[in-house]
Amino acid sequence: CKRCKSDSPGLCESCNSGWVLRSGSCQNTCPDGQILVTEVGVDSTCNQCNSGCRICQFRDPTQPYSISNLTCSRCNDGLILSNGVCSTDCPPGTSKVVSSGGTVACISITCSSLCQTCLSATRCFKCHLVDP
């Protein structure tokens, strides 16, 4: 605690830097889907991660909080993590792979020589431009 409540011993009114006030106590973590934001001269807060993200971190810790400055390291159940973003499907040129632990990830796949970007080894998303 930075300052305790005068009328309720054991409960905090404000917290030191790097700690956030939740239900009368100071904590140094936030619930899933949120990130601890600490700024000089301002009380720390728990702010939202990107959509679908369970655990996120700052891309550049020297920059202020913004959704564009966050990257996801763990998605909510049922979503796929690819390049720091959670989505329901893999981007073109990749394919879903489920690990033995149930984690879903996207891996690059090899396309045919006529395909520029593929959905799978046998399904083309975008063809190379070829002379008819």
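Which cysteine forms a disulfide with cysteine 15, and how far apart are their sulfur atoms? The partner is cysteine 26, at a sulfur-to-sulfur distance of 2.0 Å. The structure is a predicted model, and a search of the whole of it finds 7 disulfides.

Cysteine 15 sits in the loop between S2 and strand S3 (20-22), and cysteine 26 in strand S4 (residues 25-27), so the link ties together parts 11 residues apart in sequence. Cysteine 15 is buried at 7% relative accessibility, and cysteine 26 is buried at 18%.

Cysteine 1 and cysteine 12 are also joined by a disulfide. Its torsion is about -75 degrees, so it is left-handed. Cysteine 1 lies in the segment before strand S1 (3-4) and cysteine 12 in strand S2 (residues 12-14), so parts 11 residues apart in sequence are tied together. Cysteine 1 is partly exposed at 43% relative accessibility, whereas cysteine 12 is buried at 5%.

The link of cysteine 115 and cysteine 124 is right-handed, with 105 degrees about the S-S bond. Cysteine 115 is buried at 6% relative accessible area; cysteine 124 is partly exposed at 37%.

| Disulfide | S to S distance |
|---|---|
| cysteine 1 and cysteine 12 | 1.5 Å |
| cysteine 15 and cysteine 26 | 2.0 Å |
| cysteine 115 and cysteine 124 | 2.2 Å |

For the sulfur of cysteine 4, the closest cysteine sulfur is that of cysteine 1, at 4.3 Å, too far for a bond. For cysteine 127 it is that of cysteine 124, at 3.8 Å, again too far for a bond.

Note on methods:
Residues numbered from 1 in each chain as written. Predicted model: local features only at pLDDT ≥ 70, side-chain atom pairs only at ≥ 80, totals over all residues. Heavy atoms only, no water. Disulfide = S-S within 2.5 Å. Helix = DSSP H or I, 4+ residues; strand = E, 2+ residues; numbered from the N terminus. Buried < 20%, exposed > 50% of the residue type's maximum accessible area, 1.4 Å probe, protein only.
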